[in-house]
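Hello,

Here is the model I promised to pass on. Could you open it next to this email and follow along as you read?

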Amino acid sequence: MTEPADRMDALLGEYADRWRDTQPDPPVVAPSSWNDSPHGPSRWWLVPAAAAAVAAVIVGVAVSGPGTPQATAPPAAHQSNASQTPVATGVVPWKPLPATHPDIPTHKVPPSPDPAVAAQAPPCKAGQLKVTREPGGAAAGTLYYSILLQLRSGAACRLEGRPDVRLLDHGRAAAIPLKYGGHWADGYRGPVLVGNGEAASIRLAWTEDWCAPPVTNDQIVVTLPSGRTVRVQGLGKSPICNDGNPTASNHKEPVWVYDYAPLHVQPGHRESAYKQVDAQISGMPRQVTVGKPLDFVVTLTARNHDVTLDPCPDFTVVEPTSRDTVVKHRFGLNCSGVRHRDASRRPLLPAGVPVRFAIQTSLHYLPPGGIKLSWVLDVPDIQSDTVVLFPAASRPTPSAAATCEPTKVSLVVAGRTLPEPLPTQPVKVKMHVGDVLEFDATGNCADQATIYPIGRLKAAGIELIAPAGKPLDGEPGTRLKAVSPGSMEFDITQPTCARPAGPRPDCHGGFVVLRRVKLRVLP
Amino acid sequence: MAALERGVAPQPAEEFAAWVEPHLPALARLAGRLVDPADRDDVVQEALLRAWQKRTTYDESRGSPRVWLLAILRDRARRHHLRTPPGPTLAREPVIEQHPSDIDLERALAALSPRQRLAVDLYYFVDLDVATTALVMGCAPGTVKATLSQARARLAELLGLTGETADD
C-alpha cells in the first residue's frame, strides 16, 4: 500500500522531470562592458544559448550560395588549411570507432579537513582556545557572523556538536529567539579539529526580517566544553524588516546557530585521473558546408600527471539539429593512434604535453542565430569544450561596427518631446494613465536599439504597441501606453558592436545602455 | 575551472561569467518556478548583476557558489514580485499536453504556503538535495524534510488522494 504523501513524492518527481524537459535553454551570460566604472558594470547581458559565446571559440560562417551556409574562421582563430582536413604532424588521425562505454576507474577524495582525523584528537579545554568574533557579512538578505575558535596553547583538540551560545544586551538576555540549524558546511559531518593552522567556527545567521521593535545584542556568551564561558562582541542592532520593505507584523526573526564547523571545507567526492585533463577545440576549417563532413581538432592536455588511456575513454559530439533538439554522436577515442606510451606500451597523455586528436562530424542545422557544437570526453570528471558557429550574415562585422554613427534617441509623451538628459542621468518621465510614450531613434545603426526589458514593462501595466506590420521586440517606433498607475524603470540598449567607439574584435553578446528611463504613471 | 569553484568569486568579468555558467540551469529553473516565464530571464539577469556587484562578499565557507547564487535569485524574485502590481493569480499552464492531471497539480502547488512551495520548487523542480535546499532556504535540513512532508500531505489533500489507497 502506498501512503498518499509517498504517492505525491512520485507524482511530483515525475511532473518535475517533465517540467524540466520542457524548459527553454537557460540563458547564457556574456560579459559586455563590465568594467568597474564608478557606476558599476552596465549590465550582465543574457543571450539565447544557441547564439551565445562564453569561453568558446567563435567561428563566423559565410553563405556561399542559396541555402548553403559555409564557415569561415576569424583571423585570430586556429585554422587548418582549406582542405577541410586538419590532420598534420602529431595529430592522431580520425577513426569512427564504436563507443565501448568503459568503466573509468575513480578514487575517493576524502573531505578536507577529514573528520576522521579530528575524531582522534582529545576534546578541547577552554584554556586551550582563543575565541574571537569575525566581522560579519551579508548576502541575499541575510546577515552572517562567525565566531572563530583557534588553538592558543597545547596540542590539537576537537570540538563537536551544537555550541552553547547566549545573546546578551547590557548583561541581560536579549529578547532574540535562537534556532539551531545543524550542519553548516555542505558535505562535512563530525568533529572539528582545532590545531595549528586549523580553526573551528560557530556560524550565526540572521535574515533581514526583524519586524518587531528593534533590539540590540552587545555580547555573545559562548560556553566552552569545560563549562567555562567566553564573551565576544555581539551582533549589534537587529536587522531591517522584510529586506527593507516594512510590514505591519511583529515578526521576530530568530538568529540561526549552526554546529561547530571547520573554517574551510572541501566535501569528499570521487574523481578520476581525468580531473586534471583539459580539452580544447581548435582547427575549425575555413569552409564548411552544412550536411558535409566537418573536421576539427581536439587537444587533450594532462596538466600535472601522466594519464594512461587504459581503458580508452569514449567521447561525444553534441550537435543541435533544431532549435529544441540535439543529437549526440558517441565514439571511442582513437587511443591506439597516440604515439606516447608508458612502460607497458599503453597509450598515454604525458603531463604537460598536448595530444591532438582529429575529429570528424557534420552539421545539419545552422540557423541565423548560430549553434553550439560541443565535444565531451565521457569520463567521470567531464571535460569538454564548445564552439559556436554563426552564419556571418547575422553577425555584425568589425568594419560595420566602426562605421556606426552615434544613435540619437527621442522620447515623446503626449506630443511633447522630452529634453535630452545629461549623459549619465536617467530620463525621468511622468505620464498619466492613457498617455502614450513614443520611442524612436536615428542613426545608421538605430535599428539595433531596443527597449529592455519588455516583460517587466508589461507586468508593470504598460501596453507595448509594435510599429505597424512588425513584431513586438522593442525596436524604434514602439509605443508605450500607460494602462495602470505605478513606477518602473527600463533601458534603451544597443549592442556594443554598434557603439561608435571604433573597431571591435567581435560584437556578440554585449549591450550598452543608450538611455535609462524612470517612468512614473499617475492616475 | 575547478580552482574557480572554491574560494572567492573571481574578479575579472570573463572569469566571473565562466564561474557562474555551470549554475545557470539551476538558476533558470528556480526563476522559472518563482516568476512568470516571460520574466524568467529578466530575474536571472538581475540576480547575476547583483551577484557581480556583490562578488567580493562571496565566501565559500557560507556555502557553495550555487547556494549563494540561488539565494540571491530567490531574493531578486521576491523583489520582482514586490515591484509587480498585484493582478489575477493564475496557475502555470501545464507543460505537457498529455498529462491533464498536471493542471490540477499546478493549481494545488499554487495553494501551498510560500515556504512549502519554495521547498518543493528547490527540491523537486530545481533538483537540489535536501542539504543544499536547506542552505538556500536558510534553515536546517530537518526543517526542509518536515516542510516537504507537510507540502506533500497538503497536496495529497488538495488533489483528493487522502481517501485513496493504491498498491504499487
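**A loop in chain A**

A:Asp306 sits in the chain A loop that runs between β22 (293-302) and β23 (307-308). Residues are numbered from 1 along each chain as its sequence is written, while chains are lettered from A and ligands numbered from 1 in the order in which they are written.

The cut-offs, with C-beta atoms placed from the backbone, are 20 or more other C-beta atoms within 10 Å for buried, 12 or fewer for exposed, and anything in between for partly exposed. Leaving aside neighbours within four places in sequence, A:Asp306 is in contact with A:Asp342, A:Leu348, A:Leu349, A:Pro350 and A:Ala351; a contact is two C-beta atoms, placed from the backbone, within 7 Å. A:Gly352 is 46 residues from A:Asp306 in sequence, and their C-alpha atoms are 8.3 Å apart.

**Sheets in chain A**

One open sheet has four strands in the order β12-β11-β16-β17 (chain A), paired antiparallel. Its edges are β12 (172-173) and β17 (229-237) of chain A, each with a single partner strand, so one side of each has no neighbour in the sheet. Strands count as paired if DSSP finds at least two bridges between them. Inside this sheet, strand β11 (residues 164-169) and strand β16 (residues 216-223) of chain A are antiparallel and share five bridges. A:Arg166 stands opposite A:Val221 in β16(A).

A second open sheet has five strands, ordered β31-β30-β33-β36-β35 (chain A), again with antiparallel pairing. Here β31 (416-417) and β35 (462-465) of chain A are the edge strands, pairing on one side only. Strand β33 (residues 436-442) and strand β36 (residues 479-482) of chain A pair in the antiparallel sense over three bridges, and A:Leu437 stands opposite A:Leu480 in β36(A).

Strand β15 (residues 200-207) of chain A is worth a look too. Seven of its eight residues are buried. β15(A) pairs antiparallel with strand β19 (residues 261-262) of chain A over two bridges, where A:Pro262 is the bridge partner of A:Ala200. Three bridges also join β15(A) to strand β18 (residues 255-258) of chain A, again antiparallel, and A:Ala205 stands opposite A:Trp256 in β18(A).

**Chain B and the cores**

Chain B has eight helices and zero strands. Of its 168 residues, 47% are buried. Among contacts in chain B between residues at least 6 apart in sequence, 58% join residues at least 24 apart.

Which residues touch the most other members of the largest nonpolar core? They are B:Leu27, B:Ala31 and B:Leu73, out of 59 residues in that core. A nonpolar core is a set of buried Ala, Val, Leu, Ile, Met, Phe, Trp, Tyr and Cys residues joined through C-beta atoms within 7 Å. Helix α4 (residues 65-83) of chain B gives the most to this core, with eight residues. Not counting residues up to four places away in sequence, B:Leu73 touches B:Leu27, B:Leu30, B:Ala31, B:Val43, B:Val44 and B:Ala47. Another core, of 35 residues, lies apart from this one and includes A:Tyr274, A:Val297, A:Phe315 and A:Phe357.

Helix α6 of chain B is mostly covered, with nine of its twelve residues buried; among them are B:Leu118, B:Tyr123 and B:Phe125. Just after α6(B), B:Asp127 takes a positive phi of about 75 degrees.

The mean pLDDT (the predictor's confidence in each residue, from 0 to 100) of chain B is 74, and 75% of its residues reach 70 or more. In chain B, confidence is highest in helix α6 (residues 114-125), at a mean of 91, and lowest in helix α5 (residues 101-110), at 75. pLDDT stays under 50 over residues 1-6 of chain B and also over residues 85-100 of chain B. Where pLDDT is low, the predicted coordinates should not be read in detail. For the complex, the predictor gives an ipTM of 0.85 and a pTM of 0.39.

Best wishes

How values were computed
Predicted model: local features only at pLDDT ≥ 70, side-chain atom pairs only at ≥ 80, totals over all residues.
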